[in-house]
2 protein chains.
Amino acid sequence: MLSVAEALDAILHEVKPAPPVAVELADALGLITAEAVVSDIDSPPFDKAVMDGFALRSGDLDGAETRLRIVEHVIAGMLPSVAVTSGNATRIMTGAPLPQGADSVVKVEDSRNDPPGPSSVGGTVIIQGIAEPGQNIVRRGASLKVGQTVLPAGRLVRPQEIGALAEVGKEHLSVHARPKVGILATGDELVPVGEQPGLGQIRNSNEAMLGAQTQRAGGQPVLLGIARDNPAELRERIAAGLRCDVLLLSGGVSEGTHDLVPAELAALGVRNVFHKVHLRPGKPLWFGVWKGKPAQAGSWPTYVFGLPGNPVSSLVCFELFVRPCLRRLLGFEPAVPAPVRARLVQEHVAQGERPTYNPARLAWDAQGPRVEPVRWHGSSDLQAMVQANALAVFPGGGATYQPDTFVEVIPFDRSTDGSI
Amino acid sequence: MLSVAEALDAILHEVKPAPPVAVELADALGLITAEAVVSDIDSPPFDKAVMDGFALRSGDLDGAETRLRIVEHVIAGMLPSVAVTSGNATRIMTGAPLPQGADSVVKVEDSRNDPPGPSSVGGTVIIQGIAEPGQNIVRRGASLKVGQTVLPAGRLVRPQEIGALAEVGKEHLSVHARPKVGILATGDELVPVGEQPGLGQIRNSNEAMLGAQTQRAGGQPVLLGIARDNPAELRERIAAGLRCDVLLLSGGVSEGTHDLVPAELAALGVRNVFHKVHLRPGKPLWFGVWKGKPAQAGSWPTYVFGLPGNPVSSLVCFELFVRPCLRRLLGFEPAVPAPVRARLVQEHVAQGERPTYNPARLAWDAQGPRVEPVRWHGSSDLQAMVQANALAVFPGGGATYQPDTFVEVIPFDRSTDGSI
């Protein structure tokens with residue numbers, strides 16, 4: 001049976017980033033660029049003042065009081081129309097273009113008008129001191145020049161990237177497309193969420209939960225409902241699901257007589273890469289690849305996960321295995337984010353032969369990350385997951401972990417840009 | 001002029017969580033519950049086996065070899081039909097309901113069949129040792145009982161909450177609604193993103209950027225285009241925008257002669273709470289409240305932000321002021337997440353009278369959070385923001401900060417559930 005690391009390797013060996021697709025700029029938020037974008041403008045587009053003051057020729061000032069005639073008043077969004085010649089100055093506001101002839105801006109606080117009062121064109125301003133050429137000016141192209149790369153390929157699109165790309169006129173952007181993720185729950189015991197379960201029945205909570213996990217991981221969920229434990233129905237519903245980029249099946253992958261999913265996947269030509277992983281919960285996990293998509297559908301493979309039917313197992317297998325697959329398709333690197341090493345706050349007794357991914361609460365205190373395993377009643381206990389924000393990893397074999405031991409923790413949520 | 005802290009207090013003094021609204025369960029992802037949800041089921045719905053093995057009466061075992069007759073084979077999703085009486089056992093699979101009469105499950109590894117081979121109904125199983133009552137069984141209602149609270153009000157809906165709510169049949173959920181955030185850029189210098197800017201013109205990058213920031217903060221952007229610097233047009237466009245829950249105006253709030261926004265807001269009856277905040281970039285920020293919404297529109301106030309037109313100022317004012325407003329409306333507490341205290345990795349010279357929110361890169365090393373300010377060319381330099389994932393805060397007055405000084409850092413993105 002594969003270890004978790006081996007299973008991840010086997011998945012990532014199969015999965016390549018999805019082919020580039022052009023989307024509208026707003027729809028690129030949260031996706032990874034598949035092209036480098038260069039600027040068609042200089043930014044700022046002209047030399048501009050970064051202070052309210054007077055644009056003048058620095059050579060006019062000699063340290064003593066200098067009187068200059070105000071020839072124009074320019075504000076942001078206006079173009080100056082008068083060149084500044086010796087003995088003259090232009091009243092200029094922050095963000096306004098520097099007039100021709102001027103090489104320096106003196107702050108309004110370092111000037112006074114003569115006569116005192118508001119500065120007006122034709123009036124006189126008195127400036128004491130000197131000015132360096134270029135002072136209080138940002139030069140044309142200082143932050144960005146025509147032809148310069150605004151954003152390379154392989155970068156996450158956040159609001160500031162949207163802004164920077166809008167600034168250079170990028171209305172459509174090539175990104176790795178959001179994968180369509182089909183979600184098909186299987187099992188005679190399932191009833192839709194809106195129905196009252198009878199004896200031995202449970203509601204189909206996995207569809208909604210896996211849909212939400214898919215959204216959080218950047219995929220586009222395609223809800224396919226419930227398939228019954230009947231070979232013909234299963235095969236037909238799975239065949240429809242294979243049109244997606246990723247297909248998640250929940251249930252039917254253990255080894256009971258009603259676990260029909262592996263046989264139907266085989267019959268449909270889905271190549272099995274592995275079945276079963278050495279972990280708890282989630283051991284029955286099945287993973288395979290289907291290359292039968294028609295050429296007009298892009299002939300990209302479909303990656304198929306047979307997830308265990310119990311909701312906690314299903315949630316854990318998504319976080320450990322499906323999320324890295326989606327990250328790789330979306331172009332995120334690394335596909336498997338590094339776990340956090342956190343300090344156990346209490347003694348923990350791990351049981352069982354298999355490595356256990358225990359629901360846990362991760363928090364930060366003055367000493368760094370700390371983790372507290374949540375008590376849980378096995379693979380159907382979603383209530384434990386509601387109390388948790390992470391999985392704490394305990395290697396197999398069973399052991400008692402003392403407080404202050406460091407263990408690996410996999411947070412359910414983390415910032416996408418690595419900031420925290 | 002208000003400090004940043006005073007401006008935040010003034011905003012949060014005005015803003016209350018948005019009224020509850022019922023949404024479909026899938027649409028509640030990322031929102032905060034406005035009702036407590038109780039269970040209509042026991043989970044698990046019956047006593048069930050957590051191991052593959054044999055369900056039996058613990059009193060039948062005495063430590064020596066005991067031979068039991070196999071009376072039934074039950075798998076998950078089936079209901080047992082035969083009660084286990086003394087001398088009998090039921091072959092049971094993980095997740096299957098415990099048959100009547102049985103009080104214990106012995107693992108299959110601790111049994112052998114007589115004759116050796118697959119266990120079949122009518123055959124005999126030999127078990128050595130004893131069994132504790134209740135072993136390898138999870139009791140009905142162990143994780144959740146009818147009437148028990150699944151989720152209180154005020155909690156973030158993540159995928160596991162979606163699963164837990166689906167399990168108890170919750171198709172619609174009361175949450176604090178996603179606020180509609182109108183975004184109206186103002187200024188004669190703006191051209192749409194798809195056009196080539198002429199001399200003195202720039203593309204309207206703020207609309208797309210603020211839309212993306214709004215989405216990231218949980219709001220629903222309503223893009224309102226560009227309004228020209230013309231009182232009649234401005235007033236009409238702002239009036240339309242006031243139908244949203246929050247209205248973001250960009251540009252027109254400085255004190256140039258073309259900065260018409262405050263006057264038009266006043267004319268429309270928007271009460272100004274403050275104008276100008278002591279920070280860099282973002283000083284011209286304007287905030288107000290409008291209570292003129294017709295009763296049939298819910299008569300909730302509209303919160304109006306006049307953001308500076310420069311993209312970096314606009315981005316910073318959103319992160320510092322609009323995001324807490326949206327968090328409060330959405331029901332997130334605290335509305336202002338605690339900043340990170342991070343170690344400066346290099347000397348930094350802060351300039352200017354106002355506290356500066358400098359684009360920066362936040363990362364984690366073995367010693368904890370570290371921050372590196374990004375070089376920037378002022379409030380139009382979005383390229384600096386593309387290099388950044390946070391804002392580093394330098395108190396006003398200008399100073400040289402030595403390496404290893406701790407400074408406050410505001411990350412652009414962080415996990416929503418506090419895990420990291």
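Among the contacts in chain A that join residues at least 6 apart in sequence, 71% link residues at least 24 apart, a figure that, like every value below, refers to a predicted model. Chain A has seven helices and 27 strands, and of its 420 residues 51% count as buried.

Chain A is divided into four domains, with the following bounds.

| Domain of chain A | Residues |
|---|---|
| domain 1 | 4-19 + 178-330 |
| domain 2 | 22-43 + 143-176 |
| domain 3 | 48-138 |
| domain 4 | 340-411 |

Between domain 1 of chain A and domain 4 of chain A the C-alpha centres lie 26 Å apart, and 14 residues of domain 1 are in contact with 12 residues of domain 4. On the side of domain 1 that touches domain 4, helix 6 (residues 311-330) of chain A supplies the largest share, namely seven residues. By class, that side of domain 1 comprises eight nonpolar, three polar and three charged residues.

Turning to the pair of chains, chain B is superposed on chain A by a rotation of 180° with 0.0 Å of shift along its axis, at an RMSD of 0.1 Å. The two copies are therefore related as by a two-fold rotation axis. Both copies use the same surface, given that 99% of the contact residues of chain B recur in chain A.

Methods: Residues numbered from 1 in each chain as written. Chains lettered and ligands numbered in written order. Predicted model: local features only at pLDDT ≥ 70, side-chain atom pairs only at ≥ 80, totals over all residues. Domains from an automatic or database assignment. Contact = placed C-beta atoms within 7 Å. Helix = DSSP H or I, 4+ residues; strand = E, 2+ residues; numbered from the N terminus. Nonpolar A, V, L, I, M, F, W, Y, C, P; charged D, E, K, R; others polar. Least-squares fit on C-alpha atoms with pLDDT ≥ 70 in both. Buried ≥ 20, exposed ≤ 12 C-beta atoms within 10 Å, placed from the backbone.
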